[in-house]
Amino acid sequence: KKEYLRARLREKFFARCKSSRPRVLILGFGTQGGGVGAARFFCRLGYDVVVTDVKPRKDFVSSIAALRGCKNIHYIFGGHRVSDIQQADLIVKNPGVPETSPYIIKARSLGKTITNDGAIFLEVVPRERLIGVTGTKGKTTTTLLIKHLLGNDAVAVGVPGVSFFDYFYERREPRFVVAEFSSFDLEYARTSPSIAVMTSLFPDHLNRYKSFAEYARVKMNIMRYQ
C-alpha cells in the first residue's frame, strides 16, 4: 500500500519534486487534533514533515503525544516562517488558516502546491469505493447512518474525531469508505467520489466566503468532477 500511495502522491502532488524524500509543511496544526492525521500519514510514508502553528506548544501537548513514534516531524510553534514555505514541496493547509494569510499569498507567489486533507484523500482513495457526504446540516448523522446500513463492509472517516487518513490504517480493505466533507474540506478538491450525497444547502460560513453563491460553489465540488 505504501508504494501505491507514494506513486499516487508523486503523480498528483510531487511531480515537480526532484527529491525522493519530499518535504511536507502542515500549515496550522489545529487545537482539535486536525493536523495529527496528515502529519502521521506523511511521516509513515517516510517524508520530512514540518508542522507550524501560531499558537504556543502548550496548546498541542496531546497532539504531539499522539505522534510520539513519528521521528521525522519538526515542530515550530508561536508563528509560521517564510523559510518553511520556501523549502516545502507541498503545503497542507489547516482549515483555520485563511486564504488571505500572508503565508498563503507568499506560497502562491512562489508557485507552491497548496492543498488540504480532504483533497489529498480524494486523490488517493479508490473512488469506486468512496461515498462522500456533505451539506450545511446533517452531514455526520447521514455519514454514520450510511456506514451503519452497510455494516462491516464500510468504514466512516472525516466525522468528528476520525481523520480522513485513518482509512489507510485499516487492517482489512473495506468495500466502501463513507466520508464526511465540510466546505473547507472541499475547497481544493479536483476529483469527486463515485457516490455523492448532499443533505442540505443554505447560507452558512459567510464569514469565510464572500457570498452564499461562493459557499455553494465549493460544496458542489463533491459532485463537480464525477
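Predicted model: local features only at pLDDT ≥ 70, side-chain atom pairs only at ≥ 80, totals over all residues.
Two strands pair if DSSP finds at least two bridges between them. One example is Thr134, which stands opposite Met198 in strand 9.

Strand 6 (residues 130-134) and strand 9 run parallel and are joined by 4 bridges. They belong to an open sheet of 4 strands with the order 7-8-6-9, paired in parallel. Strand 7 (154-157) and strand 9 (195-198) stand at the edges. Each has a single partner strand, so one side of each is left without a neighbour in the sheet. On average, neighbouring strands of this sheet are turned by 15° against each other, direction ignored.

Helix 7 (residues 139-150) lies across strand 6, strand 7, strand 8 (176-180) and strand 9. Relative to strand 8, helix 7 runs at about 170°.

## Strand 1 and its partners

Strands of a sheet pair through backbone hydrogen bonds, either parallel or antiparallel. Strand 1 pairs with strand 2 (residues 48-53) in the parallel sense, over 5 bridges. Within that pairing, Asp48 of strand 2 is the bridge partner of Arg23. Strand 1 is also joined to strand 4 (residues 90-93), again running parallel, by 4 bridges. Here Leu25 has Ile91 of strand 4 as its bridge partner.

How enclosed is strand 1 by the rest of the structure? Of the 5 residues in strand 1 (residues 23-27), 4 are buried, so the strand is largely enclosed.

## Nonpolar cores

In soluble globular proteins, nonpolar side chains tend to be buried together. The largest nonpolar core in this model has 49 residues. Leu9, Phe42 and Phe121 touch the most other members. Helix 2 (residues 34-44) supplies the largest share of this core, 6 residues. A second, separate core holds 13 residues, including Leu25, Val50, Ile76 and Ile114.

Phe42 shows how such a residue is surrounded. Beyond residues up to four places away in sequence, Phe42 touches Leu9, Phe14, Val24, Tyr47, Val49, Leu90, Val92 and Ile120.

## Aromatic pairs

The count of aromatic pairs comes to 20.

| Pair | Centre distance | Plane angle | Class |
|---|---|---|---|
| Phe121 and Tyr167 | 6.4 Å | 90° | edge-to-face |
| Phe121 and Phe168 | 6.5 Å | 70° | edge-to-face |

Why are these pairs called edge-to-face? Planes over 60 degrees apart count as edge-to-face. The planes of Phe121 and Tyr167 are at 90°, so that pair qualifies. Those of Phe121 and Phe168 are at 70°, so that pair does too.

Both pairs link distant parts of the chain. Phe121 lies in helix 6 (residues 117-124), and Tyr167 in the loop between strand 7 and strand 8, 46 residues apart. Phe168 also lies in the loop between strand 7 and strand 8, 47 residues from Phe121.

Tyr167 is buried, with a relative accessible area of 3%. Phe168 counts as buried at 9% relative accessibility.

One aromatic cluster takes in Phe14, Phe41, Phe42, Tyr47, Phe121, Phe164, Phe165, Tyr167, Phe168 and Phe181. Elsewhere, a charge meets a ring. The charged end of Arg44 sits over the ring of Tyr169, 4.4 Å from the ring centre.

## Arg190 and Asn221

Arg190 is placed in the loop between strand 8 and strand 9. Its relative accessibility is 51%, so Arg190 counts as exposed. Which residues does Arg190 touch, not counting residues up to four places away in sequence? They are Glu123, Asn221 and Tyr225. Arg190 and Val155 are 35 residues apart in sequence and 23 Å apart in space, C-alpha to C-alpha.

Asn221 belongs to helix 9 (residues 221-224). At 3% relative accessibility, Asn221 counts as buried. Leaving aside neighbours within four places in sequence, Asn221 is in contact with Leu186, Glu187, Ala189, Arg190, Thr191 and Ser192.

Technical notes: Residues numbered from 1 in each chain as written. Heavy atoms only, no water. Buried < 20%, exposed > 50% of the residue type's maximum accessible area, 1.4 Å probe, protein only. Helix = DSSP H or I, 4+ residues; strand = E, 2+ residues; numbered from the N terminus. Core = buried A, V, L, I, M, F, W, Y, C linked by side-chain atoms within 4.5 Å. Contact = heavy atoms within 4.5 Å. Axes fitted to C-alpha atoms, helices over the stretch in contact; angles between N-to-C directions. Phe/Tyr/Trp six-rings, centres within 6.5 Å; stacked < 30°, edge-to-face > 60°. Lys NZ or Arg CZ within 6 Å of the ring centre and 35° of its normal.
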